[in-house]
Amino acid sequence: MSEPRVRPDPAFALLDLYETALPEVYGYLLARCGDRGVAEELTSETFLGAVSACRNPGAPPVSTPWLIGVARHKLVDHWRRREREERGLRVVHEAEADSVDPWDAELDALLAREVLESLGAHHRAALTLRYLDGLPVPEVARLLGRTVHATEALLVRARSAFRAAYREKEVRDD
């Protein structure tokens with residue numbers, strides 16, 4: 001009766017290579033991103049990703065050039081994530097810039113307070129936190145227990161309700 005063979009974990013090959021490959025991988029990443037913190041994070045992701053990848057059937061032998069290839073993919077993923085985040089921030093910023101309304105400067109403070117008190121609690125809370133307390137939208141979202149996107153939508157609806165109620169009250173009071 002033969003004993004079952006235990007196949008060694010291919011990730012152990014990374015341990016043998018780690019000390020020599022680490023400075024190469026880190027240097028590659030640092031030269032391309034220019035940020036030590038990002039390079040360190042991506043180096044860590046590279047080695048963690050390499051452990052998983054080298055366990056796949058048909059994976060190439062573990063080597064420094066192979067690790068550099070994994071690092072290249074991690075760097076591209078990082079750049080894509082960063083671009084998506086920046087694109088989202090640009091969209092939010094452009095939406096805020098588009099929503100600049102000179103009408104806001106023309107409000108009668110007492111009338112505005114009356115109108116605000118007449119709105120529903122969710123509109124009143126959102127408008128108060130955003131415009132009276134001056135909190136950024138993400139903070140308003142956190143305080144209201146909503147997503148940023150849902151809070152932005154709520155603020156659009158709340159401004160619209162406020163504007164309509166303000167104009168209606170202005171007409172009635174004249």
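Helices α5 and α6 are oblique to each other, a label for angles that are not under 35 degrees (roughly parallel), over 145 (roughly antiparallel) or 65 to 115 (roughly perpendicular). The axes of α5 (residues 121-132) and α6 (residues 137-144) are 9 Å apart, and the angle between them is about 140 degrees. Axes here are lines fitted to C-alpha atoms, for helices over the stretch in contact, and angles run from 0 to 180 degrees between N-to-C directions. The model is predicted, so local features need pLDDT of at least 70 and side-chain atom pairs count only at pLDDT 80 or more, while totals for chains, interfaces and linings use all residues. Residues are numbered from 1 along each chain as its sequence is written, and side-chain values use heavy atoms, with hydrogens and water left out.

The crossing of α5 and α6 is right-handed. A crossing is right-handed if the near helix is turned clockwise from the far one by less than a right angle, and left-handed if anticlockwise. On the α5 side, Ala125, Ala126, Leu129 and Arg130 meet Val137, Val140, Leu143 and Leu144 of α6; contact means heavy atoms within 4.5 Å. By class, these residues are seven nonpolar, no polar and one charged. In this scheme Ala, Val, Leu, Ile, Met, Phe, Trp, Tyr, Cys and Pro count as nonpolar, Asp, Glu, Lys and Arg as charged, and the others, Gly among them, as polar.

Now take the whole chain. The protein chain has seven helices and zero strands, and its elements run α-α-α-α-α-α-α from the N terminus on. Both kinds of element are DSSP runs numbered from the N terminus: helices are H or I of at least four residues, strands E of at least two. Of its 174 residues, 26% count as buried. Buried means under 20% relative accessible area, exposed over 50%, and partly exposed in between, with a 1.4 Å probe and protein chains only. Among contacts between residues at least 6 apart in sequence, 62% join residues at least 24 apart.

Helix α1 covers residues 12-33 and helix α2 residues 36-54; their axes come within 9 Å and cross at roughly 140 degrees. That angle makes α1 oblique to α2. The crossing of α1 and α2 is right-handed. The residues of α1 in this contact include Leu14, Tyr18, Leu22 and Cys33, and those of α2 include Arg36, Val38, Phe47 and Cys54. The contact of α1 with α2 has 16 nonpolar, two polar and two charged residues.

Two cysteines take part in that contact, one of them Cys33 of α1. Cys33 counts as partly exposed because its relative accessibility is 22%, whereas Cys54 counts as buried because its relative accessibility is 5%. The structure holds zero disulfides, a disulfide being a pair of cysteine sulfur atoms within 2.5 Å.

Some single residues link parts of the chain. Val38 lies in α2. Leaving aside neighbours within four places in sequence, Val38 is in contact with Cys33 and His78. Val38 and Leu75 are 37 residues apart in sequence, and their C-alpha atoms are 9.3 Å apart in space.

Ile68 lies in helix α3 (residues 64-98) and counts as buried, because its relative accessibility is 15%. Beyond neighbours within four places in sequence, Ile68 is in contact with Glu24, Val25 and Tyr28. The C-alpha atoms of Ile68 and Tyr26 are separated by 9.2 Å, although the residues are 42 apart along the chain.
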